[in-house]
Amino acid sequence: MEKKYCYKCGVELLEEQSVCPLCGAAVPEEIEVLEIEPRVTAAYKTNGHVDNANRNYITGIIGGVIGGFVAAIPWIIVYVYLNFIWSLLAAFIAMGVAFGYKLCNGKVTRAYPYIIIVTSFIVVIVTSLVIIPLLMFVQEGFGFNFELLKLYYMLIDRGELLKDLAIACFFTWLGISGVVKSERSMVE
């Protein structure tokens with residue numbers, strides 16, 4: 001029996017499927033069987049590795065940064081608007097970075113785990129040191145004021161700031177560990 005693939009996204013289909021489970025494209029009842037490899041855009045080769053032919057690092061990193069900041073939104077909301085420091089939510093940042101990286105066709109090579117690590121920590125540091133304080137100023141009615149941010153850093157207890165940042169980085173590291181471990185098979 002010949003394998004059946006979706007004409008639109010290339011995912012392998014079961015014989016009885018009439019709609020692709022990935023992209024939702026209708027599967028014609030009779031299909032012409034071609035002796036070529038199916039088109040796979042964002043998935044895996046048969047050996048479990050990602051096809052890097054149409055991928056690059058730059059778009060992946062941009063997607064990772066965006067995905068990381070989107071994943072940081074719950075942490076920011078809890079911290080700024082609910083006045084509750086729950087750094088555990090920083091663990092989701094690595095998942096957002098990995099998702100954004102793959103969604104934007106980032107190249108998956110041996111550098112992939114390091115890209116996820118560095119990008120995740122950049123997102124956590126920028127969120128902790130810039131975004132959260134600025135949003136706290138907005139909530140207090142000061143608006144986005146970078147001069148006030150400089151004054152804030154001159155007056156704040158740096159020990160508390162570093163403690164909060166260290167806790168956020170710890171939970172981010174836990175998230176990174178889970179993401180890298182679960183996706184180890186993707187790396188060539």
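Reader: How many residues does helix α5 have, and what distance does the helix reach from its first C-alpha to its last?

Author: In this predicted model, helix α5 runs over residues 158-182. At 1.5 Å a residue, a span of 36 Å is expected, and the helix comes close to that. Helix α5 therefore counts 25 residues, and from first C-alpha to last it reaches 36 Å.

Reader: Which residue caps the N-terminal end of α5?

Author: The backbone nitrogen of G159 has a side-chain oxygen 3.2 Å away. That oxygen belongs to the capping residue, D157.

Reader: Which helices do the buried residues of α5 pack against?

Author: The buried residues of α5 include L161, L165, F171, I176 and V180. Buried here stands for a relative accessible area under 20%. The packing partners of the buried α5 residues are α1 (57-81), α2 (91-103), α3 (112-139) and α4 (146-155).

Reader: How many aromatic pairs are there, and what is the geometry of F137 with Y152?

Author: Rings pair if their centres lie within 6.5 Å, and by this rule there are five aromatic pairs. The ring centres of F137 and Y152 are 5.6 Å apart, and their planes stand at 85 degrees. Planes over 60 degrees apart count as edge-to-face, so the F137 and Y152 pair is edge-to-face.

Reader: Why does the pair of F137 and Y152 tie together separate parts, and how many residues apart are they in sequence?

Author: F137 belongs to helix α3, whereas Y152 belongs to helix α4. The pair therefore ties together parts whose separation in sequence is 15 residues.

Reader: Is Y152 buried or partly exposed?

Author: The relative accessible area of F137 is 10%, so F137 is buried. For Y152 the relative accessible area is 24%. Buried requires under 20% and exposed over 50%, so Y152 is partly exposed.

Reader: Which residues form one aromatic cluster?

Author: The rings of Y152 and Y153 have centres 5.1 Å apart and planes at 70 degrees, so this pair is edge-to-face. Y153 counts as buried, at 19% relative accessibility. The one aromatic cluster consists of F137, Y152 and Y153.

Reader: Which residues lie nearest the centre of the second largest pocket?

Author: The second largest pocket has a volume of about 200 Å³ and a lining of 16 residues. Helices α1, α3 and α5 each supply at least two residues of that lining. Nearest the centre of the pocket lie Y79, S128, Y152, L161 and D164.

Notes: Residues are numbered from 1 along each chain as its sequence is written. This is a predicted model: local features need pLDDT of at least 70, side-chain atom pairs count only at pLDDT 80 or more; totals for chains, interfaces and linings use all residues. Side-chain values use heavy atoms; hydrogens and water are left out. Helices (H or I, at least four residues) and strands (E, at least two) are DSSP runs, numbered from the N terminus. Buried means under 20% relative accessible area, exposed over 50%, partly exposed in between (1.4 Å probe, protein chains only). Contact means heavy atoms within 4.5 Å. A polar contact is a pair of N or O atoms within 3.5 Å; within protein, one must be able to donate a hydrogen and the other to accept it, and residues adjacent in sequence count only if both atoms are side-chain atoms. Rings of Phe, Tyr and Trp (its six-membered ring) pair if their centres lie within 6.5 Å; planes under 30 degrees apart count as stacked, over 60 as edge-to-face and the rest as tilted. On a 1 Å grid over the protein atoms alone, a cavity is a set of points where a 1.4 Å probe fits but cannot get out, and a pocket is an open set with protein on both sides within 12 Å along at least five of seven lines; lining residues have an atom within 4 Å of a point. Grid points are joined across faces, edges and corners, and a volume is the space filled by probe spheres set on the points.
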